[in-house]
Amino acid sequence: MLSDIAVRTDGRTPAMMRQMHMERDCLERATGSARWEQDRSVVYAAVYGPMEIRAGKQDTDKLVIEVVVRPASGAPSSADKEREVTIRRALEHVVKTAAHPRCGIRVVLQTVSSDGGIDAILLNAACAALIDASVDVTGVLCASSLAVLPGVGVVVDPTEDEETAATATATMAYNFRGEGVANENGDGGLLPAMAAPEAEAEVLTTLTRGVFSEEAFLEMTVTGRDAAAAAFTFMMEAHDRYLAAQEAHMTTGLTARIEALALELEREQRGA
Amino acid sequence: MEAAAYKRLYPHEYYEKFVREGARPDGRPLGRARPVSVARGVVSTADGSSLVKIGRTTALAAVKLEVVTPTLDAPDDGNIDVTVELPPMCSATTRPGRVSEEAAYCSRRVADVLHDAKVVDPKKLCIDPGKFAWRVCLDVYVLDHDGCVLDAAVLAATGALRDCVVPVVSVDERGEVSVGAKASDGAGDAAAENEGGEKTKKRKTTTTMKRCEVTTNVAPVSLTTGLYRGRLIVDPNSEEEALMETLVTVCVDDSGSVVAVLKPGGDAEATETQIAHCVAAARARRETCANAMRDAFS
């Protein structure tokens, strides 16, 4: 649907996302944390909880999620307040809030540097931090940002310059869950059926600016889903690598201790 | 059990009974929106105002103009400041005090829609580049919250801007701004007499009775659709809004292009077909709103 010609200023094709990097468990004091990087857009996310909430703000039926968004510099603006509301509404759908009544969690998102597509990156980072904190979730929240560039059409993951030049921009978030199908991309893991290219796109959250045609918007829904699926694949691989590294670390640690104990016992027996 | 008690105790079952038959408790089919009425010039002290009713949802918008210094990065542009307020009278759940989340959300959305649809040309608000420009302070008060507040707010904002009359303004040699018809007299003589120093500038923004100077005659139309158990419920009232899994707001302009698609999370996702239906419903709504505006402004 989108052309394969590298027509964008940074040499990407319209459907190409910037290189993603994710680091888990990077903040010591937080229950869960993640750092999400897409080229020059970098965000840190931290999850604190479960915490006690004062009686006025408590909800007897479900978990209360508080989201704090801080910009790279300066005081939080009304746009940041609005992001807090949007992200909170998306997270309330993804987190199993009914499983933890009367508790609260706080999700803090700090932008380190911003080069376009920051709303989607905030959502991705928040999801990664929730997984790191082992919060019960119904699915994996993945988001992507899109723009309509004059003369080029729909592009994925715009830089700040592209966003300024665009006639319309959009952020789409999807909650990927359900039965898995084989994933052609990545290392052959499973992809939820709703994230596959053939499935109909189901959007959880959409935010748009600018004027566009209906066709352009529907194309953005589908392209956004494919881009979010790529983010999903990347996130799952990153989590798997982290867990494998943790397991290896634990196993070597355990093996070393067992060997040391065995040596000690042998020495005692020889001595005795 | 009588109907009123059943409705309070089992709201979802009660609503489902209607929706299954393709209707709603107020008698509308699932795809029908409520009637719209627009009135203009309702606040005499404001520079422009309008009152919009969508069913029982009522929004009152008023415009006040003031002369300010334009910002450094946009010396030729005036600016628009939109505030949507949900005062305590509008519904049982609103409280006095801090601005509620919904009101802040509506303010930003209305401002974005007016900006993206180019309802007002900021260049037309310029009086003297770099020195003086008009600031349009647009306040929308929702007097009655019966669902789809954003739709009413967008329409009321457009109506108030269209009703707005920009007064004559002139800037004299000392840089003083005078607003009003009398300001234009004598400025021409002063220019002839002035020898050194600043020249008198006389800038007429408009004559007093001329309309539509502020707006570009674009009228964006917004329609909110609720998703309920896989069905699309167009223009839900406040009781229905509480039951909806999620709300999708679509804003279209006169040519049918989409200005905004807003779906702020919620309990359910929207598929492509559902979104396409929402956009189609918004497009179909254009005519009703255009007729209401025409009746008010003819």
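Predicted model: local features only at pLDDT ≥ 70, side-chain atom pairs only at ≥ 80, totals over all residues.
Let us start with the sulfur atoms. A disulfide needs two cysteine sulfur atoms within 2.5 Å. For A:C127, the closest cysteine sulfur belongs to A:C142 and lies 5.8 Å away, which is too far for a bond. A:C127 is also a buried residue, with a relative accessible area of 4%.

B:C148 takes part in no disulfide, and its nearest cysteine sulfur, in B:C106, is 11 Å away. With a relative accessibility of 1%, B:C148 is buried as well.

## A sheet in chain A

Next comes an open sheet of 4 strands in chain A, with antiparallel pairing and the order β7-β6-β8-β12. At its edges are β7 (153-156) and β12 (205-210) of chain A, each of which pairs on one side only. On average, neighbouring strands of this sheet are turned by 20° against each other, direction ignored. In general, the strands of a sheet pair through backbone hydrogen bonds, in a parallel or an antiparallel way.

You can follow one of these pairings more closely. Strand β8 (residues 168-176) of chain A pairs with β12(A) over 6 bridges, in the antiparallel sense. Here A:T169 has A:R209, in β12(A), as its bridge partner.

## Two helices to look for

A helix accompanies this sheet. Helix α4 of chain A, residues 214-271, lies across β6 (140-149), β7, β8 and β12 of chain A. Relative to β6(A), helix α4 of chain A runs at about 135°.

Chain B has its own helix α4, made up of 15 residues (residues 149-163). At 1.5 Å a residue, helix α4 of chain B should span 21 Å, and this agrees with its end C-alpha atoms, which are 21 Å apart. Of the 15 residues of α4(B), 15 are buried, so this helix is largely enclosed by the rest of the structure.

## A glutamine and its surroundings

Finally, have a look at A:Q38, which sits in strand β2 (residues 32-38) of chain A. Is A:Q38 buried or exposed? A:Q38 counts as buried because its relative accessibility is 2%.

The side chain of A:Q38 makes a polar contact, at 3.0 Å, with the side chain of A:W36. Leaving aside residues up to four places away in sequence, A:Q38 touches A:M17, A:R18, A:Q19, A:M20, A:I121, A:N124 and A:D157.

Technical notes
Residues numbered from 1 in each chain as written. Chains lettered and ligands numbered in written order. Heavy atoms only, no water. Buried < 20%, exposed > 50% of the residue type's maximum accessible area, 1.4 Å probe, protein only. Expected span 1.5 Å × (residues − 1). Pairing = 2+ DSSP bridges. Axes fitted to C-alpha atoms, helices over the stretch in contact; angles between N-to-C directions. Contact = heavy atoms within 4.5 Å. Polar contact = N/O pair within 3.5 Å; in protein donor to acceptor, adjacent residues only side chain to side chain.
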